[in-house]
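Hi there,

Here is the structure I promised to pass on. Please open it beside this note, and I will go through what turned up.

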Amino acid sequence: MTTRTLKAVTGGTAADLIRRLADDETFPAYAPDLVAVHRDGDHSDWVLAFRGGVARWTQRRRVLADRIEFEQTDGDFQEYAGHWSATDGPDGCEVEYTVRFRTSVPHFAGAVESAAGRVLTRTALAVLEGVGRTARLTRGGRILSDLPEGGSGHAIR
């Protein structure tokens, strides 16, 4: 199972950010790789552009005062779950996005899960910048980018 975590600070309060993150049908307006989100109660259908095709899944979510938890109930991932959490801090709202997933292609897991992780975290950051207006990353920036051409992996921090 692969886990990716982003942490950031954004303006506003934690309660307001959780309220805006709960309106996930607006996310495609902020994130170019997110093709569609359609909500029906606590379940939603997601379509994410990925490697010339799309990844599709249905997820169930639970919205709490300081956190939104989500988990795939059907779709292209073997496993997919995570959360958004927010707390008020001295410099604004401190946000964490964590996603855990496993693809259905075990012999390509290293390459596919790495690429999927980048798309998922870039999408999460775009959403956070859209709903939060600005976001200053405090953890996870290195997982947002592909390696530079000819890079060894040591150039990205």
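Predicted model: local features only at pLDDT ≥ 70, side-chain atom pairs only at ≥ 80, totals over all residues.

Residues are numbered from 1 along each chain as its sequence is written, and side-chain values use heavy atoms, with hydrogens and water left out.

**Overall layout**

The chain has 2 helices and 8 strands; these are DSSP runs numbered from the N terminus, with at least four residues for helices (H or I) and at least two for strands (E). From the N terminus on, the order is β-α-β-β-β-β-β-β-α-β. Of the 157 residues, 45% count as buried. Contact here means heavy atoms within 4.5 Å. Among contacts between residues at least 6 apart in sequence, 49% join residues at least 24 apart.

**The loop with Asp24 and Glu25**

Asp24 lies in the loop between helix H1 (14-21) and E2. Leaving aside neighbours within four places in sequence, Asp24 is in contact with Val37, Arg39, Ser44, Trp46 and Arg61. Glu25 lies in the loop between H1 and E2 as well, but at 41% relative accessibility Glu25 counts as partly exposed. With neighbours within four places again left out, Glu25 is in contact with Val37, His38 and Arg39. Glu25 and Asp45 are 20 residues apart in sequence, and their C-alpha atoms are 9.7 Å apart in space.

**The nonpolar core**

A nonpolar core is a set of buried Ala, Val, Leu, Ile, Met, Phe, Trp, Tyr and Cys residues joined through side-chain atoms within 4.5 Å. The largest one holds 38 residues, and those touching the most other members are Leu17, Leu21, Trp57, Tyr80, Trp84, Tyr97 and Leu120. Helix H2 (residues 109-132) gives the most to this core, with 10 residues. Not counting residues up to four places away in sequence, Leu120 touches Leu48, Trp57, Phe77, Tyr80, Tyr97, Val99 and Phe101.

**Aromatic rings**

The whole structure has 9 aromatic pairs. Rings of Phe, Tyr and Trp (its six-membered ring) pair if their centres lie within 6.5 Å; planes under 30 degrees apart count as stacked, over 60 as edge-to-face and the rest as tilted. Phe27 and Trp46 have ring centres 6.1 Å apart and planes at 65°, so this pair is edge-to-face. The pair links distant parts of the chain, with Phe27 in the loop between H1 and E2 and Trp46 in strand E3, 19 residues apart. Phe27 and Trp46 are buried. Trp57 and Tyr80 form a tilted pair, 4.9 Å centre to centre with 50° between the planes. That pair also links distant parts of the chain: Trp57 is in strand E4 and Tyr80 in strand E6, 23 residues apart. Ring pairs link Phe27, Trp46, Trp57, Phe70, Phe77, Tyr80, Trp84, Tyr97 and Phe101 into a cluster.

**Cavities**

How many cavities of 30 Å³ or more does a search of the whole structure find? The search finds 2. A cavity is a set of points on a 1 Å grid over the protein atoms alone where a 1.4 Å probe fits but cannot get out, and lining residues have an atom within 4 Å of a point. Grid points are joined across faces, edges and corners, and a volume is the space filled by probe spheres set on the points.

The largest cavity has a volume of about 220 Å³. Of its 19 lining residues, the closest to the centre are Phe27, Trp46, Tyr80, Trp84 and Tyr97. H2 supplies the largest share of this lining, 4 residues.

The second largest cavity has a volume of about 30 Å³. Leu6, Lys7, Ala8, Trp84, Val95, Glu96, Tyr97 and Leu128 line this second cavity. Strand E1 (2-10) and strand E7 (92-102) each supply at least two residues of that lining.

Technical notes: Buried < 20%, exposed > 50% of the residue type's maximum accessible area, 1.4 Å probe, protein only. 1 Å grid on protein atoms, 1.4 Å probe; cavity = no way out; pocket = protein on both sides within 12 Å on 5 of 7 lines; lining within 4 Å.
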